[in-house]
Amino acid sequence: MSSPCRRRNAIAAAAALCAASAATTLAARAQAPSDLPLKESGPLGVAVTTLFPGGGSPPPADPHVKAYQGNPEYINKGQQLFAWYNCSGCHSHGGGGMGPALMDNQWRYGGRLDQIYASIVQGRPNGMPSWGGKIPDAEIWEISAFVLSLSSPSPANAGQTTPTPPPAPAAPPPPEKSEAPGVQTVPK
Amino acid sequence: MTLETSRPTSTPCADARNWRTAKRDPLRPSGGEGGTQPAPSLTLPRLRGREGVGAGRVRWAGPEHMAASALKSPASPRPSPPPGVEREKEGRTLRWSQMAGTRARAAARLLCGAAVAALALVPGFVAAQTPQPPASAAPADDGQWTMPAKNYASTRFSELNQINGTTIAKLRVEFTFDTGVNRGQEAAPLVVDNTMYIVTPYPNILFALDLTKPGAPMKWSYQPHPEAASQGVACCDVVNRGAVFWDGKIIYNTLDGNTIAVDAENGKEVWKTKLGDINRGETITMAPLVVKGKVLVGDSGGEMGVRGWIAALDAKDGKLAWKAFHTGPDKDVLIGPDFKPFYDTDKGEDLGVKSWPPQAWMTGGGTVWGWISYDPDLNLIYYGTGNPGPWNAEQRPGDNKWTSGLFARDPDTGAAKWFYDTYPHDEHDYDGINESVLLDMPVNGETRKVLVRPERDGYVYVIDRATGQVYSADPFGPVNSTKGIDLKTGRPIINPDKMTKLGQTVRDICPTASGQKDWEPSAYSPRTGLMYLPHANLCMDWENVEVNYISGTPFVGANVVMKAGPGGNRGFLTAWDPVKRKPAWQDKEDLPVWSGALATAGDLVFYGTMEGWFKAVDARTGELKWQFKTGSGIIGQPIAYKGPDGREYIAILSGVGGWAGAIVAGNLDPKDPTAALGFVGAMSDLKQKTMPGGTLYVFALPPT
């Protein structure tokens, strides 16, 4: 219980910094390819649509994509940071909750690594906070790499059939008498 | 056709049966200050009777059975029952309602006749036995529905009886209205002056429908345009639990923390007061209550490390009259010389600071997102406080006052009168926000002013509403997180095996974080003396994890996975007898019952299921009398009203969501059982049963 983060601070910013510094310590940053240049326009240049008037194609990926995507070391660090910064509070372990699911390969604002990075940095209008300036860039790339790793590699536009389950209960029903000793039940 | 309404005292037949059941099984002597309540039996109750219309229906040994036993008592001064109405057969009681056809009806007539005769001999006897809400808090029904709980006693009981066990076969859809918002519809419609008002989940649109015209066309709609980002700090879907009518205004809250009054006639905004800050994680989902011209509002955000509060606004202009926090120093909690809690552990200076680690109270939760009741005679409001933050209790040693408990306050000043700490140092997210039904009922042989609360922790509490003393607390489903409630100290007897721990998964804790019963409000019928509890039957695995406070983000610190409870069915509608302290009957449901209940003088109970069935069951037996499949799962609050044509109408919003339905409303991924704070674990099949929706359904009998 010695971590300074255990002490609650009324000042939100200070608390956030506290978490940030602890998380920074957690993730050794020496290996982060922070020397990679951002694209000229930075994350703001990332398109979140596949529609380009007059023809065209998505802009080339940010150079960080190649460095981070699929890298187990960064994904692992990203997983730790995902919990540290309370990402898991909204997105659970990828299934979602207050925020959308991240493991279903459905992306409102694009599922390319630099698009995910942009969503974290900028925030999104329906409740995603803007983390730019709150989390170091390299850590946001690591979180992005972890988030991308959550979904299966199947094509995003692949059709999917969900079979209707048989009428049996979804889960095997526990025994009528609870296995847990000491269960109180309704008085007779 | 004229619609008849009936007051409880005008129904001698029904009351006779209550009279027959009342007082035969007086409260066990464990009540009062004296001793520790013995732990109830560890075995599940024996199922009784035959299977009803609804599959999986369960019947407990009910009041009739108890009455039959009592009738054999030589000490009983009551007259004998009509012959053949009840009889012992092979050790089981055959209930009159189970008899077929004419014989049952004949028996019922006999019973009525005998009861009426008995009543004539003992005037006033019935009223003294069947618990009744105080008249000041539950005035005679005018056929409208002006607040979600129907009245200040929170009975959700309609005196309309046109729709009853005989006529209900003809019940049909009268009109529908699509809200255009496909998120969890938890609100109760209001009906005032032949206009229906409904509030949607975010974006919290208010619709007014003209009930005097065919199809109930829209009169107007009001769009408050709440901040879109508020959706990201709403813990459990973007729900709204309804509006309230007061003095020509419809008053309700928006997800982004505003309280708004709208002119009921023309839909114009009268005032708007910002109370919550989404950047601190504050949202508002509860339905306000207006007491003596003050609008009572509390915040949501117990999963975001907010500091919970309740506020009173002047209904005329929205100006803040008072605000009480639920953590921190006494002056912030509005604890002063009038504060007289019943139990010693709630006495002391600044417990809202001292029962926390340093500064932890500042992010300690204690929100108010449920129900408020009001006793005009005692001039006290009653409401519960939400869970402490974070869920990980190891980060906040202490009792964590004044979270997960029950306050009584003076509505004029906000001054606290008493507090009962339902769940000190809450380890399981057992918010105390559920409804308090105000009743005057016999306790240990004396009529007491009590409130009856079915709590998240799995107990039905009977509490003296003048003093805060707990008279009884009985489980209404399987509970192993505690071993009972110590009535001497008022504290739960914690089961050490189910205490939550850092880095260790504690398995099969019952009930879940969502509780044996969550927000979904119960109904009480003064005719049957039964309280109808919609609730869940779930257990959970829980692992504490360390969590940092970052304002505007979740402050939870637990990995939770929920699952079906004993028996496998995930829900129940339980008819609870508050005097006998046990169920009269229970109806099983596959899914958690996440809708409110409505009881009517037609002796029917209405509720909805998360598959989308809207059901009516016999208030005395639980027998399914009628059902209709709506377009989406139901988590709303049914109401009854008298239309301009004199007919009785039943209204319900259909649209799955809320915490239990978040997997559908939020399109969550069933592969992650920890999703939606663990609820997805118990609801992984919901996407195969229902889709999101948002439609009002209104039912009535055909015109005659």
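What percentage of the 188 residues in chain A do buried residues make up?

A: Buried residues make up 40% of the 188 residues in chain A. Here "buried" means that 20 or more other C-beta atoms lie within 10 Å of a residue's own, while 12 or fewer makes it exposed and anything in between partly exposed, with C-beta atoms placed from the backbone.

Before going on, a word on what you're looking at. This is a predicted model, where local features need pLDDT of at least 70 and side-chain atom pairs count only at pLDDT 80 or more, while totals for chains, interfaces and linings use all residues. Residues are numbered from 1 along each chain as its sequence is written, and chains are lettered from A and ligands numbered from 1 in the order in which they are written.

Helices (H or I, at least four residues) and strands (E, at least two) are DSSP runs, numbered from the N terminus. Contacts are pairs of residues whose C-beta atoms, placed from the backbone, lie within 7 Å. Of the chain A contacts between residues at least 6 apart in sequence, 69% join residues at least 24 apart.

How far can you trust the picture? That's where pLDDT comes in, the predictor's confidence in each residue, from 0 to 100. Chain A has a mean pLDDT of 76, with 61% of its residues reaching 70 or more. Confidence in this chain is highest in helix 6 (residues 137-150) of chain A, at a mean of 97, and lowest in helix 1 (residues 12-26) of chain A, at 43. Where pLDDT is low, the predicted coordinates should not be read in detail.

Chain B gives you something to set beside this. Chain B has seven helices and 41 strands, and 65% of its 704 residues count as buried. One buried residue there is B:Gln162, which counts as such because it has 23 C-beta neighbours inside 10 Å. You can find B:Gln162 in the loop between strand 4 (157-158) and strand 5 (172-178) of chain B.

Definitions and conventions: Contact = placed C-beta atoms within 7 Å.
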